[in-house]
Amino acid sequence: MYGENIIAVKVISTDNIERTYQIKVTREKSNEARLSMLSVTDHMIDPTFNMDTKTYSLETNKSSLDINAVPLDKDATYVILGNEKLVNGINSIIIRVTAQDRSNNMRL
């Protein structure tokens, strides 16, 4: 669990003397806001996907794209912005990945 966690450790000596020790562990929320996978159905993105690359391009004649994105951290969320009513010319689509600690990372 995230936040403060208490772990109890019970020790019994050879004389049957029992002692319990507590260890406090604070687990912080992840700041991982990268994608583990990004693809666009029926299209090739350029460059090939790399989780550390933030900018990609592709050519299409469609008015919207079927974008498949998977966050690296299973508890991160994402939203795709600008993927509707695409026009001839340059369009910007943003994939905003939000980590557990609420930090962001944007792509495409």
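## Basis and terms

A residue counts as buried when its relative accessible area is under 20%, as exposed when it is over 50%, and as partly exposed in between, using a 1.4 Å probe and protein chains only. The model is predicted: local features need pLDDT of at least 70 and side-chain atom pairs count only at pLDDT 80 or more, while totals for chains, interfaces and linings use all residues. Residues are numbered from 1 along each chain as its sequence is written, and side-chain values use heavy atoms, with hydrogens and water left out.

Helices (H or I, at least four residues) and strands (E, at least two) are DSSP runs numbered from the N terminus.

## The loop between β5 and β6

Asn83 sits in the loop between β5 (77-81) and β6 (94-98). Asn83 is classed as buried because its relative accessible area is 13%. A polar atom of the Asn83 side chain lies 2.6 Å from the backbone oxygen of Leu65. Contact means heavy atoms within 4.5 Å; leaving aside neighbours within four places in sequence, Asn83 is in contact with Ser64, Leu65, Ile67 and Ile93.

Lys85 lies in the loop between β5 and β6. Lys85 is classed as exposed because its relative accessibility is 74%. Its phi is near 55 degrees, a positive value in a residue other than glycine.

## Nonpolar core

A nonpolar core is a set of buried Ala, Val, Leu, Ile, Met, Phe, Trp, Tyr and Cys residues joined through side-chain atoms within 4.5 Å. The largest one has 15 residues, and those with the most contacts inside it are Leu35, Leu38, Leu65, Ile67, Ile95 and Val97. At least two residues of this core come from each of β3 (35-40), β4 (67-71) and β6. The largest share, three residues, is supplied by β3. Two residues named here, Leu65 and Ile67, are also in contact with Asn83.

Thr98 is part of strand β6. With a relative accessible area of 13%, Thr98 is buried. Not counting residues up to four places away in sequence, Thr98 touches Ala76, Thr77, Ser103 and Asn104.

Ala99 is in the loop between β6 and β7 (104-107), and is buried, with a relative accessible area of 1%. Ala99 and Glu32 are 67 residues apart along the chain, yet their C-alpha atoms are separated by 5.4 Å. Apart from neighbours within four places in sequence, the contacts of Ala99 are Ser30, Asn31, Glu32, Ala33 and Ala76. Arg102 is placed in the loop between β6 and β7; it is exposed, at 61% relative accessible area. Arg102 has a positive phi of about 80 degrees although it is not a glycine.

## Cis peptide bond

Asp46 and Pro47 are joined by a cis peptide bond, with omega about 0 degrees. Pro47 is in the loop between β3 and β4.

## Largest pocket

On a 1 Å grid over the protein atoms alone, a pocket is an open set of points with protein on both sides within 12 Å along at least five of seven lines, and lining residues have an atom within 4 Å of a point. The largest pocket is lined by 17 residues, of which Leu58, Thr60, Gly89, Ile90 and Asn91 lie nearest its centre.

Notes:
A polar contact is a pair of N or O atoms within 3.5 Å; within protein, one must be able to donate a hydrogen and the other to accept it, and residues adjacent in sequence count only if both atoms are side-chain atoms. On a 1 Å grid over the protein atoms alone, a cavity is a set of points where a 1.4 Å probe fits but cannot get out, and a pocket is an open set with protein on both sides within 12 Å along at least five of seven lines; lining residues have an atom within 4 Å of a point.
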